[in-house]
Amino acid sequence: MRRFNKLAADLMRAQDNSGGGSSSSSPMTPMQQFKNLTRRQLSLYQQMMKQQLMPKGGQALKEMAMEQRHIRESLEQLMREHRQQMNNLGRMNDVIDDMKDLETKILDPSLREKVAEKQKSIYERMLKSQKAIKNRDEEDEERKAHKAREIYQQEPEKPIGDIGSGSIDVSKDFTGDLREEYPESYKNLINDYYKSLNIYGGEQR
């Protein structure tokens with residue numbers, strides 16, 4: 001009995017750590033807590049598979065029954081405290097009911113095979129829910145990235161190279177407005193200057 005009580009205390013400490021983390025580290029998110037419960041359910045199934053090779057169950061079956069109860073209670077608490085985040089997991093009520101049913105059946109050595117099958121089913125449903133949320137989050141991130149790429153890849157209405165390459169000869173207006181007389185060679189120099197700037201549709205240099 002003393003050994004059984006010590007085991008119960010150890011399991012309760014493990015339960016507290018899995019729900020909130022230690023004071024030296026940041027608390028786990030609801031999804032991290034759910035992943036932890038999924039791993040514990042897998043471990044419990046593996047233990048039951050080993051028990052099928054044992055002639056007797058005894059204390060080991062009691063310990064597994066207690067662990068199954070703690071997993072179920074942790075999942076119930078997680079669903080209550082983080083209902084909005086956990087709604088995406090789908091129907092967990094059926095999983096919780098199956099866990100509760102196993103808490104007594106685990107103690108019956110003649111039901112080891114059926115219990116193992118049910119534990120495996122519970123684990124697979126928890127894992128499926130976990131993967132569904134992971135895939136959904138990845139799809140959301142991909143949609144955001146695709147939208148961002150579309151925004152950055154949008155081309156301007158008019159290519160930059162065409163800006164300022166109209167066909168108006170500004171040099172003619174400029175030289176025509178000059179009232180002072182100047183040598184003909186100056187006019188050629190002015191025209192060459194505007195051509196070099198590529199302001200009007202003349203020859204590029």
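This is a predicted model: local features need pLDDT of at least 70, side-chain atom pairs count only at pLDDT 80 or more; totals for chains, interfaces and linings use all residues.

Author: Residues are numbered from 1 along each chain as its sequence is written, and side-chain values use heavy atoms, with hydrogens and water left out.

Reader: How many helices and strands are there in the protein chain?

Author: Helices (H or I, at least four residues) and strands (E, at least two) are DSSP runs, numbered from the N terminus. From the N terminus on, the elements run α-α-α-α-α-α-α-α. The count is therefore eight helices and zero strands.

Reader: What percentage of the residues in the protein chain is buried?

Author: Buried means under 20% relative accessible area, exposed over 50%, and partly exposed in between (1.4 Å probe, protein chains only). The protein chain has 205 residues, and the buried share of them is 28%.

Reader: How are helix 2 and helix 3 oriented to each other, roughly parallel or roughly antiparallel?

Author: Axes are lines fitted to C-alpha atoms, for helices over the stretch in contact, and angles run from 0 to 180 degrees between N-to-C directions. Helix 2 (residues 30–51) packs against helix 3 at about 160 degrees, with the axes 10 Å apart. Angles under 35 degrees count as roughly parallel, over 145 as roughly antiparallel, 65 to 115 as roughly perpendicular and the rest as oblique. Helix 2 and helix 3 are therefore roughly antiparallel.

Reader: Which classes of residue form the contact of helix 2 with helix 3?

Author: Contact means heavy atoms within 4.5 Å; among the residues that meet are F34 and L37 in helix 2 and M64 and I71 in helix 3. Ala, Val, Leu, Ile, Met, Phe, Trp, Tyr, Cys and Pro count as nonpolar, Asp, Glu, Lys and Arg as charged, and the others, Gly among them, as polar. By these classes, the contact of helix 2 with helix 3 has eleven nonpolar, seven polar and two charged residues.

Reader: How is helix 3 oriented to helix 5, roughly parallel or roughly antiparallel?

Author: Helix 3 (residues 59–81) and helix 5 (residues 93–105) pack with their axes 9 Å apart, at an angle of about 155 degrees. That angle makes helix 3, relative to helix 5, roughly antiparallel.

Reader: How many charged residues are in the contact of helix 3 with helix 5?

Author: The residues that meet include R69 and E76 in helix 3 and K100 and E103 in helix 5. Besides seven nonpolar residues and one polar residue, the number of charged residues in the contact of helix 3 with helix 5 is five.

Reader: Is M86 buried or exposed?

Author: M86 is found in helix 4 (residues 83–86). Not counting residues up to four places away in sequence, M86 touches P30, F34, L78 and M79. Because its relative accessibility is 0%, M86 counts as buried.

Reader: Which residues does S129 touch?

Author: S129 lies in helix 6 (residues 112–152) and is buried, with a relative accessible area of 11%. Leaving out residues up to four places away in sequence, S129 touches L89 and M92.

Reader: How many Å apart in space are K134 and M31?

Author: K134 is in helix 6 and counts as partly exposed, at 48% relative accessibility. K134 and M31 are 103 residues apart in sequence, and their C-alpha to C-alpha distance is 9.9 Å.
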